[in-house]
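Open the model in your viewer and keep the sequence beside it. The stops below say what to select and what is there.

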Amino acid sequence: MTCCEKHSEHNHSKTCKICKSEFCHDCHPSAFGICEKCGYKILIVLVVVMVIASYMAWFGVF
């Protein structure tokens with residue numbers, strides 16, 4: 001399978017470790033082997049967890 005329209009001369013694509021979909025590593029390089037969509041989902045979850053933890057620390061729940 002080719003990577004994408006931009007890199008049609010390459011005949012390889014990477015597979016995301018989380019959702020198992022193929023993505024072009026040349027367009028979206030990833031050191032962890034995950035696609036761009038999964039990376040954004042992980043970042044959103046981390047931000048939500050950090051906000052909840054900061055409110056818990058601010059109001060002395062810990």
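This is a predicted model: local features need pLDDT of at least 70, side-chain atom pairs count only at pLDDT 80 or more; totals for chains, interfaces and linings use all residues.

**Stop 1: a buried cysteine**

Select cysteine 24, which is buried at a relative accessible area of 7% (buried means under 20% relative accessible area, exposed over 50%, partly exposed in between, with a 1.4 Å probe and protein chains only). Cysteine 24 sits in the loop between strand 2 and helix 1 (helices, H or I with at least four residues, and strands, E with at least two, are DSSP runs numbered from the N terminus).

Residues are numbered from 1 along each chain as its sequence is written, and side-chain values use heavy atoms, with hydrogens and water left out.

**Stop 2: the whole chain**

Zoom out. The protein has 1 helix and 2 strands, in the order β-β-α along the sequence. Of its 62 residues, 19% count as buried.

**Stop 3: serine 30**

Select serine 30, in the loop that runs between strand 2 (22-23) and helix 1 (36-58). Is serine 30 buried or exposed? Its relative accessible area is 18%, so serine 30 is buried.

Now show its side chain and look for backbone nitrogens. The nitrogen of glycine 33 is 3.2 Å from the side chain of serine 30. The backbone nitrogen of phenylalanine 32 lies 3.4 Å from a polar atom of that serine 30 side chain.

**Stop 4: helix 1**

Select helix 1 and compare its length with what its residue count predicts. Its 23 residues should span 33 Å at 1.5 Å a residue, and the end C-alpha atoms are 33 Å apart, which agrees (the expected span is 1.5 Å times one less than the number of residues). Just after helix 1, select glycine 60, where phi is positive, at about 70°.

**Stop 5**

Isoleucine 52 is in helix 1. With a relative accessibility of 46%, isoleucine 52 counts as partly exposed.

Finish by selecting Ile44, Val47, Val48, Val51, Ile52, Tyr55, Met56, Trp58, Phe59 and Val61, which make a nonpolar surface patch of about 1,100 Å².

Key:
A polar contact is a pair of N or O atoms within 3.5 Å; within protein, one must be able to donate a hydrogen and the other to accept it, and residues adjacent in sequence count only if both atoms are side-chain atoms. Patches are made of residues with over 30% relative accessible area and no salt bridge: like charges are joined within 9 Å, nonpolar side chains (Val, Leu, Ile, Met, Phe, Trp, Tyr) within 5 Å. Accessible areas come from the Shrake-Rupley method with a 1.4 Å probe; for residues, only the protein chains shown count as cover. A salt bridge is a side-chain nitrogen of Lys or Arg within 4 Å of a carboxyl oxygen of Asp or Glu.
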